[in-house]
Amino acid sequence: MSISLVIVVILALYVAFNLGANDVANAMGTSVGSKAVTLKQAIIIAGVLEFTGAVLFGHGVTETLGTKIANPDLFIATPQILALGMATVLISSGVWLQIATARGLPVSSSHAVVGAITGFTWVTLGLNAIDLSSIGLITIGWILTPIISAVIAAFFYSLIQHWILLQPNPHRQLQEWIPWLSTILLSIFGVIVLPSLTQPLTNLVLEKFGLNIPAHDIPIFTGATAAIGLTIYSWRKLDFATVQNPTEQLFGRFQLLSACFVAFAHGSNDVGNAIAPLAVIFYINQTSSVPNHGISIPLWIMILGGAGIVAGLAIWGKKVIATIGENIISLQPSSGFCAELATATTILIASRLGLPVSTSHALVGGVVGIGLVQNLKSIKFQTLKGIAAAWVITVPISAVISASIFSIIRMILNLN
């Protein structure tokens, strides 16, 4: 491995580290804030699931980021310029994520990477080479995601408040609602995760037995079945006579499960933000050509990205966890569960519509939705102002940093 490639590997680890410190905290922020798990437990759980999701199912997003935003065909004659640009993306997105994390601000790593790719592409090929429709789609996703998540969270929490928490006998109401909550939770997350895990096997079984069942319905049936097991487990392990608030304790278990699925899904989607530039540079280094017909991601690169994410979460993830879990509103397990359920549902809806979304945007929106139902005065708007400002400037500031660094490096190396 050449010295230049070693440097790029270190840069990719740097981005993955900062991504883990910032973005991964989204999955566990509400669980820590509601006291469903301790910070140490959250780091361990999220670390395992983020790493697993990144290594097993991060190929698709990585390939998209590496070959679809900056058109490789435009760099066929100058592959080294593309490699230099991707190295610049690693530097600029990593720097911005580090700045945001230091201030405890949850930002979108996807937007940081897209902004950085846009920046160096603009400097190299001009404005005409930038896909403005993709930038517009990102903006739409940025605006709609927190709004939709807030509405869904408010709806779920209103139902739980009315039918369980505010009833004269919440224990009895909880007994009736546990199977339904289990089915909803596992079905929604099943739709997100299970197709990646089971689609090839599912297709084979359906074809063999001649069944005509839509693939997206399989996780719903699976969720309903798994819900039975979750219901039995919950009631066998929970002694209502010995705990102070059995309703919230049980919601804590639901919330932990929801956080696990969010962490797994996040790892599978966002690892590409850290390693896609590395994968492109490695390809160019090996073949002296651009990956204009797709790219195969080596396993060691996937592992590298997963390891960097886990390290960043463990060492520096506390600040963003505190912002989401404690500094917007005070959370109980029931409200935290609704916020995470809204996050997952929003991501699922956006995926069906083909809209790019941000976990940060969805989760913050969900938490705000809970605050709107509980008490408008409970929302700490000063925190929200800082978060919103970070969202607005992420794409342009990443683009400017990337364009500046790329221009300086190209000037030093005297590259045209």
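1. Helices in this note are DSSP runs of H or I with at least four residues, and they are numbered from the N terminus. The place of Ser288 is in the loop between helix 10 (246–287) and helix 11 (299–316).

2. This is a predicted model, in which local features need pLDDT of at least 70 and side-chain atom pairs count only at pLDDT 80 or more, while totals for chains, interfaces and linings use all residues. Residues are numbered from 1 along each chain as its sequence is written, and side-chain values use heavy atoms, with hydrogens and water left out.

3. The backbone at Ser288 deserves a look: although this residue is not a glycine, Ser288 has a positive phi of about 60°. For context, most residues other than glycine have a negative phi.

4. On the surface, a nonpolar patch is formed by Leu137, Ile140, Ile143, Leu144, Ile147, Ile148, Val151 and Ile349, which together have about 620 Å² of accessible area, an area that comes from the Shrake-Rupley method with a 1.4 Å probe. Patch members have over 30% relative accessible area and no salt bridge, and nonpolar side chains are joined within 5 Å; a salt bridge is a side-chain nitrogen of Lys or Arg within 4 Å of a carboxyl oxygen of Asp or Glu.

5. Which helix gives the largest share of the nonpolar patch? Helix 7 (residues 132–165) does, with seven residues. Ile147 is found in helix 7, and Ile147 counts as partly exposed because its relative accessible area is 48%.

6. The structure holds five aromatic pairs, where rings of Phe, Tyr and Trp (its six-membered ring) pair if their centres lie within 6.5 Å, and planes under 30 degrees apart count as stacked, over 60 as edge-to-face and the rest as tilted. One of them is the tilted pair of Phe120 and Phe406, at 5.7 Å centre to centre and with 45° between the planes. This pair links distant parts of the chain, with Phe120 in helix 6 (residues 109–125) and Phe406 in helix 15 (residues 381–413), 286 residues apart. Both Phe120 and Phe406 are buried, and together with Phe75 they form one aromatic cluster.

7. Phe251 and Phe337 also form a tilted aromatic pair, at 6.0 Å centre to centre and with 40° between the planes. Here Phe251 in helix 10 is linked with Phe337 in helix 13 (residues 333–353), 86 residues apart in the chain. Phe251 counts as buried because its relative accessibility is 0%, and Phe337 is buried with a relative accessible area of 1%.

Definitions and conventions
Patch = residues over 30% accessible without salt bridge, like charges linked within 9 Å, V, L, I, M, F, W, Y side chains within 5 Å. Helix = DSSP H or I, 4+ residues; strand = E, 2+ residues; numbered from the N terminus. Buried < 20%, exposed > 50% of the residue type's maximum accessible area, 1.4 Å probe, protein only.
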